[in-house]
Amino acid sequence: MSESKVKKMLFILSKGTIENAYAAFVMANGARMEGIESEIFFTFFGLEAIQKKKLEHLRVATVGNPAMHMPTMLGGLPGVEALATKMMKKEMEKLDMPPIGEFLEILSDSGCKLWGCKLAIDMFHLKEEDLIDELDGILTIGDFYNRADQDGTHLLFI
Amino acid sequence: MKKVIGQKEIDVNEEGYLVDFKQWDREVCECIAGECNIVMTEKHWEVIEYIHDKHENQEPLSIRGIKKSGVINIKEFYQLFPGGPLKKATLIAGIPKPKSCI
């Protein structure tokens, strides 16, 4: 079996939409499944995905998203975003995609490190108890760069 | 292609996965595990049995499924089959590599 040259994947999740969170989670989990190390750094709106009270309420963006094939005016109407999110979640459940909370547990159990961004946590006035128990710690971006400690490390901004 | 595993000549694909499950037995299993630097324990066999059950019932394997299996938790699964647990476990179990992204 051929060995991948990718040894470690570092993800920065900066957005709080459900599709971006899943993109980061699927790629981070996929790395672990291939024997590649992976870590996620949650910053700015990406922090929504690790806040206990918010993580199950992430939504898909219906405005400013041409791939939704929906007029912007319509996407902004009350309830449209919630409906689109519900439909997407239903499709994901069919593919056996775990909900955000369960996915974070799976990632943590799989050895994927989960980090909060210090600057963004301070900016949003978040406390440790607001964040998931699986969090491995709160880092500065410099600390996170230092996690790229081996050849074959790649960094991805989402 | 053919590959000698243990004493037998076995049909495998380019990644080393068995093409015909009928050629699989415990000896072949232990030899493949050895190539992956894994020494089979009681727990390993339990997992292989679980994987065979799933395969027989044509249920897709996933890491989420492992979590719900009641046989093993995800942490132990990674410890038992280091370097990509589903990939290694299916190789050892003599069934095709799972195609799922999750």
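## A two-chain predicted model

A:D96 lies in the loop between α3 (80–94) and α4 (100–109) of chain A, where helices are DSSP runs of H or I with at least four residues and strands are runs of E with at least two, numbered from the N terminus. This is a predicted model, in which local features need pLDDT of at least 70 and side-chain atom pairs count only at pLDDT 80 or more, whereas totals for chains, interfaces and linings use all residues. Residues are numbered from 1 along each chain as its sequence is written, chains are lettered from A and ligands numbered from 1 in the order in which they are written, and side-chain values use heavy atoms, with hydrogens and water left out.

### Backbone and fold

Phi of A:D96 is near 65 degrees, a positive value in a residue other than glycine, and at 29% relative accessibility A:D96 counts as partly exposed (buried means under 20% relative accessible area, exposed over 50%, partly exposed in between, with a 1.4 Å probe and protein chains only). A:H69, in the loop between β2 (37–42) and α2 (72–75) of chain A, has a positive phi of about 50 degrees and is exposed, with a relative accessible area of 73%. Most residues other than glycine have a negative phi.

Chain A holds six helices and five strands, which follow the pattern β-α-β-α-α-α-β-α-β-α-β along the sequence. Its radius of gyration of 16 Å is close to the 15 Å that the globule rule gives for 158 residues, so chain A is as compact as a globular protein of that length; the radius is taken over C-alpha atoms, and the rule is 2.2 Å times the number of residues to the power 0.38. Chain B has five helices and two strands, running β-β-α-α-α-α-α from the N terminus on, and its radius of gyration of 13 Å agrees with the value near 13 Å for a compact globule of 102 residues.

| Property | Chain A | Chain B |
|---|---|---|
| Buried residues | chain A: 41% of 158 residues | chain B: 46% of 102 residues |
| C-alpha box, roughly | chain A: 50 × 45 × 25 Å | chain B: 35 × 25 × 20 Å |

### Nonpolar cores

A nonpolar core is a set of buried Ala, Val, Leu, Ile, Met, Phe, Trp, Tyr and Cys residues joined through side-chain atoms within 4.5 Å. The largest has 43 residues, and those with the most contacts inside it are A:F25, A:I40, A:F42 and A:L104. At least two residues of this core come from each of β1 (8–13), α1 (18–33), β2, α3, α4, β3 (113–117) and α5 (118–123) of chain A, with the largest share, seven residues, supplied by α1(A). A second, separate core of 35 residues includes B:I10, B:I38, B:Y50 and B:I51.

Leaving out residues up to four places away in sequence, A:F25 touches A:I40, A:F42, A:A49, A:I100, A:F103, A:L104 and A:L107, where contact means heavy atoms within 4.5 Å.

### A covered helix in chain B

Helix α5 (residues 85–93) of chain B is mostly covered, with nine of its nine residues buried; among them are B:P85, B:K87, B:K88 and B:L91. The cover over these buried residues includes α1 of chain A, together with α1 (26–35), α2 (42–56), α3 (63–68) and α4 (74–80) of chain B. Just after α5(B), B:G94 takes a positive phi of about 80 degrees.
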